[in-house]
Amino acid sequence: MLQLSYIQENKEEVLRKLAIKNFHNSDLIHDIISLDQKRKETQKSLDDNLARANSLAKEVGKLFKEGRREEANAIKEETANLKHDNKELAGALEIISKELNELLLDVPNIPHESVKAGKGEEDNEILVEEGKIPATDEKALPHWELASKYKIIDFKLGSKVTGAGFPFYRGKGAKLQRALISFFLDEAIASGYEEFQPPLFVNEDSAYGTGQLPDKEGQMYHIGEDRLYPIPTAEVPITNIYRDVILKEDELPVKNVAYSSCFRREAGSYGKDVRGLNRLHQFDKVEIVQIQHPERSYETLEEMKDHAAGLLKKLGLPYRILRLCGGDLSFTSALTYDFEVYSAAQKRWLEVSSVSNFENYQANRMKLRFKGKGKTQLAHTLNGSALALPRIVAALLENNQTEKGIEIPEVLVPYTGFEVID
RNA sequence: GGAGAGGUGGGUGAGUGGCUGAAACCACCGGUUUGCUAAACCGGCAUGCCUGUCAAAGGGUAUCGGGGGUUCGAAUCCCCCCCUCUCCGCCA
């Protein structure tokens, strides 16, 4: 969430910039500011009362020691009144703080100055388009047909055993998954990331920490009995490592990479866009996360963008990089680059990565700070997929299909141990 | 799952009702000393909120796993929860 002090001091700017995200609720901002005023006043009265009570308590102690019983008892009466008032004030303060916090959670992150206004997807800006788009071949099969032709992914089995959106990978398909994961991890490690294997379930605090709760509750599975949530992305456990942490400035940047399965309910999704591997309830992803000094976070964002682009280049997939417009930018992001690969048989672009700078929005919510010579301040958090597997697999299958079978990109051969799926 | 022990500042660890936001030591930072390093010595060293200020200093308040209670007063007493360790059971 945004910092209260920042909203206080830059009200007009906040409103102007939020408009780029199509957020026009100026009442909310006004309410926040006036409620905060009330919070301060209440806090002040409470603190004053507590100070009084503390000094009275000391006096009572002193009087008792000196054996001045009656005087002490007289003071106790005043204390009783104070105590009553304090209870009320503390109660009021709690209600105000809670409400204030809820209002703050309703304010999205401020977009970076490079973000252009726009309604949605159609207004995203294409920054880069790399690689040759394969000539359209009418005989080209979509990946779901290739999957069954070569017996490498079985959607029906998945439906039987679990449900739609939970495929089985088998044979060379399973090996290809494993190869991609290893390849992505090795590339990240070579770029200085530390590998983590996170828990696949997180608790409520963590779900709040990265903002899945309360806004995206319906997206996550929920294990009610144990109050745990299967992670929708490794970002959740990895970023939450640093919840309530004060790093030393020289520990920055923190660079973590994690492979994990991801679980998403995808409620409301349907139609041909979700066919095959295009949208799953369970999928694999390698995620990179960085925690960086505010002054350097945009350099870091570029570095992460280049990292993701490098992977696609090495895999030989045609891709493009989009800078999301205000309307398509997520609630918590200040700037996001989306990566899409072209999938030859479906003749469409598929999103395979999203690299974002959240500035201090997440950090403020989870109190992730760093301390150098100066004051303790909020860090910036960034993350990105590098990469999400299913659509990469879809594109590889569709783009690399030949008469002889599916050709494996050279960089993956050391990992798969075979050059063709046939 | 059953039984027991325990959770104090970055770490070790003292503290069983007021003088304790918390001893001591270590780590860390600054300084003195020093040919360099080391040692020694001196000083500093939590976080949130409120107040104050151009900024600060300063002041107030809260925080000793989390929540609630007893008391004029709680790290210290009571209750609930969480976590860690040991033993037993079960098990990849």
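This is a predicted model: local features need pLDDT of at least 70, side-chain atom pairs count only at pLDDT 80 or more; totals for chains, interfaces and linings use all residues.
Residues are numbered from 1 along each chain as its sequence is written, and chains are lettered from A and ligands numbered from 1 in the order in which they are written. Local features need pLDDT of at least 70 and side-chain atom pairs count only at pLDDT 80 or more, while totals for chains, interfaces and linings use all residues; side-chain values use heavy atoms, with hydrogens and water left out.

Student: Which three residues supply 84% of the area that domain 1 buries against domain 2?
Tutor: Four residues of domain 1 are in contact (heavy atoms within 4.5 Å) with ten residues of domain 2. The two domains bury about 510 Å² between them, where buried area is the accessible area (1.4 Å probe) that two parts lose on being put together, summed over both. The 84% share, more than any other three residues supply, comes from Ile20, Lys21 and Leu105.

Student: Is His143 buried or exposed?
Tutor: His143 is placed in helix α5 (residues 143–149), helices being DSSP runs (H or I, at least four residues) and strands likewise (E, at least two), numbered from the N terminus. Away from its neighbours within four places in sequence, His143 is in contact with residues including Arg275, Leu277 and Glu398. Buried means under 20% relative accessible area, exposed over 50%, and partly exposed in between (1.4 Å probe, protein chains only). With a relative accessible area of 0%, His143 is buried.

Student: Which residue forms a salt bridge with Glu78?
Tutor: A salt bridge needs a side-chain nitrogen of Lys or Arg within 4 Å of a carboxyl oxygen of Asp or Glu. For Glu78, the closest N and O atoms of the pair are 3.0 Å apart, and the partner is Arg52. Glu78 lies in helix α4 and its partner in helix α3, so parts 26 residues apart in sequence are tied together by Arg52.

Student: What is the relative accessible area of Arg320, the salt-bridge partner of Glu340?
Tutor: The closest N and O atoms of Glu340 and Arg320 are 2.8 Å apart. Glu340 lies in strand β11 and Arg320 in strand β10, so the pair ties together parts 20 residues apart in sequence. Glu340 is buried at 12%, and Arg320 is buried with a relative accessible area of 17%.
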